[in-house]
Amino acid sequence: MSEPLWIQGGRIIDPANSRDEEADLFALDGKIVETLSEGERSTARKIDASGQIVCPGFIDLHSHFREPGQSQKETIRSGSLAAAAGGYTTVVIMPDVSPPADNAGVIQYILDAVAKHACVNILVTGCMTQGRAGDNLAPIGSLKKTGVVAITDSPDSPQNNEIMRRTLEYAGMFDLLIMEQGRDRSLTEGATMHEGATSLRLGLHGSPRAAEDLSVSRATVLAALTGARVHLQCISSGSAVDMIRRAKSRGLKVTAEVTPHHLSLTDETMASYDPRYKTNPPLREEWDRQALIEGLLDGTIDCIASDHEPHVDYEKDVEFDLAPFGVIGLETALPICMATLVRGDAAELTDLVRFLSTNPARILELDKGHLSPGAEADVTVFDPDEKWVVDPDTMESLSANSPWLGEELRGKATHVAVKGNLVLQRDS
Ligand SMILES: [Zn+2]
């Protein structure tokens, strides 16, 4: 049983309850409560949140932890600590571990490791296809029974349309969300970055927007055919944003996410030939970046997800062509979004909380992402102005493949509670 929690004098931002005011927040027995009795107040853990934001804990729909299989990159424990440091109270992890999470045995192994080692809520996904090979369906019913919240072959997707159609049909039967990070592989073969003027100038092989657009188009066509719920991961193409807008206007059950790095960086960063900017999908052009921000603000893109993809130094520290794709993101999402959206005058703080907490909860149909009395006390307190340097020695992730390594960022979580228990406390 957690001690009573009394978060004092912060600015409470709770978009689900249209709340933005300076007030105290209380938790008792792991739940948000309207107030505490005198006796409970005398024993409560008090947090001075003056000058800070108090909001529902962030929920990440897209992280890759590497346990089992590649625990040198990230374990359930280190990934959950990185999440807490970034202000996250819930993280959905992808099934691309080794062996792949395509059967109940591996799922149960991961769930056991989560129960033993995780300090935040970790929700587990299962593969769409056996071995994530795209050929034969995984046992979707048994994955659902074991406790997955979605199925996905992320960061891949079946290339065969019939397999994809059947995946959506089966997932629909079990009312399971599909998370789709698609690309037409015939158009991305050998590519290391976005295809455009910059790739031409740098002499690097690029993959066109069309690779992503074709797969987003397929997903919306098959969502219409099957009625399944499809969540589109890592949208990076401006033209894909338009397709999703049209799909939503037709009432399809389609949702979408964008990453902090696609919101803030472009393919121009590739001029450094630094593998820390090598991502899948690739960083695209300024036009795409603006379209992503516009899509987020008009509700076409529902939320921001980290796509936290840890790789150790010796893997990234190689020739550009050979380096793996992906960046870590759990510990930097908040300050990057603050800089790009809030200080960039594109969005208010309340929008940011919607993108990082309220909307991800809605997509997963979780009773989270709000601070209503009776809700589980998953709460993040952050200082929007705290300056800190991205330094692997002080970060929780086992990997350091951040595009912002060595840079000074602004905005950091100071306290994070999961079911009323403080899993991060940085009292100044
Ligand atoms: Zn990913």
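Glutamate 365 is exposed, because its C-beta atom has 11 others within 10 Å and a residue counts as exposed at 12 or fewer. The structure described here is a predicted model. Glutamate 365 is placed in the loop between H13 and E16. The phi angle of glutamate 365 is near 55°, a positive value in a residue other than glycine.

## Domains

The domain assignment divides the protein chain into domain 1, made of residues 5-53, 376-389 and 408-425, and domain 2, made of residues 58-363. The C-alpha centres of domain 1 and domain 2 are 29 Å apart. Where the domains touch, 18 residues of domain 1 are in contact with 20 residues of domain 2. On the domain 1 side, at least two residues each come from strand E16 (379-389), strand E17 (408-418) and strand E18 (421-425). Strand E17 gives the largest share of that side, with seven residues. By residue type, the side of domain 1 that touches domain 2 has 12 nonpolar, two polar and four charged residues.

## Strand pairing

Strand E5 (residues 53-56) pairs with strand E1 (residues 5-14) and also with strand E16. The pairing of E1 with E5 is parallel and runs over two bridges, while that of E5 with E16 is antiparallel and runs over four bridges. Isoleucine 53 takes part in both pairings. Isoleucine 53 in E5 is the bridge partner of arginine 11, and phenylalanine 382 in E16 is the bridge partner of isoleucine 53.

## Helix packing

Helix H8 (residues 238-249) packs with helix H7 (residues 209-226), and the axis of H8 also crosses that of H10. The table gives the geometry of the two pairs.

| Helix pair | Angle between axes | Axis separation |
|---|---|---|
| H7 and H8 | about 10° | 9 Å |
| H8 and H10 | roughly 30° | within 8 Å |

H7 is therefore roughly parallel to H8, and H8 is likewise roughly parallel to H10. The reason is that angles under 35 degrees count as roughly parallel.

Which residues of H7 meet H8? They are Arg209, Glu212, Asp213, Val216, Ser217 and Thr220. Their counterparts in H8 are Ser239, Ala240, Met243, Ile244 and Ala247. The contact of H7 with H8 is made up of five nonpolar, three polar and three charged residues.

In the contact between H8 and H10, Gly238, Val241 and Arg245 of H8 meet Trp287, Asp288, Ala291, Leu292 and Gly295 of H10. This contact of H8 with H10 consists of four nonpolar, two polar and two charged residues.

## Loops and backbone geometry

Most residues other than glycine have a negative phi, and most peptide bonds are trans. Some places in this model depart from that pattern.

Proline 281 belongs to the loop between helix H9 (260-264) and helix H10 (286-297).

Aspartate 345 is a residue other than glycine with a positive phi, near 60°. Its place is in the loop between helix H12 (333-342) and helix H13 (349-363). Is aspartate 345 buried or exposed? Aspartate 345 is exposed, because 7 other C-beta atoms lie within 10 Å and the limit for an exposed residue is 12 or fewer.

## Isoleucine 363

Isoleucine 363 is located in helix H13. Beyond its neighbours within four places in sequence, isoleucine 363 is in contact with Leu61, His231, Thr255, Asp302 and Cys303. Lysine 412 is 49 residues from isoleucine 363 along the chain, and the C-alpha atoms of the two are separated by 25 Å.

Notes: Residues numbered from 1 in each chain as written. Predicted model: local features only at pLDDT ≥ 70, side-chain atom pairs only at ≥ 80, totals over all residues. Domains from an automatic or database assignment. Contact = placed C-beta atoms within 7 Å. Nonpolar A, V, L, I, M, F, W, Y, C, P; charged D, E, K, R; others polar. Buried ≥ 20, exposed ≤ 12 C-beta atoms within 10 Å, placed from the backbone. Axes fitted to C-alpha atoms, helices over the stretch in contact; angles between N-to-C directions. Parallel < 35°, antiparallel > 145°, perpendicular 65-115°, else oblique. Pairing = 2+ DSSP bridges.
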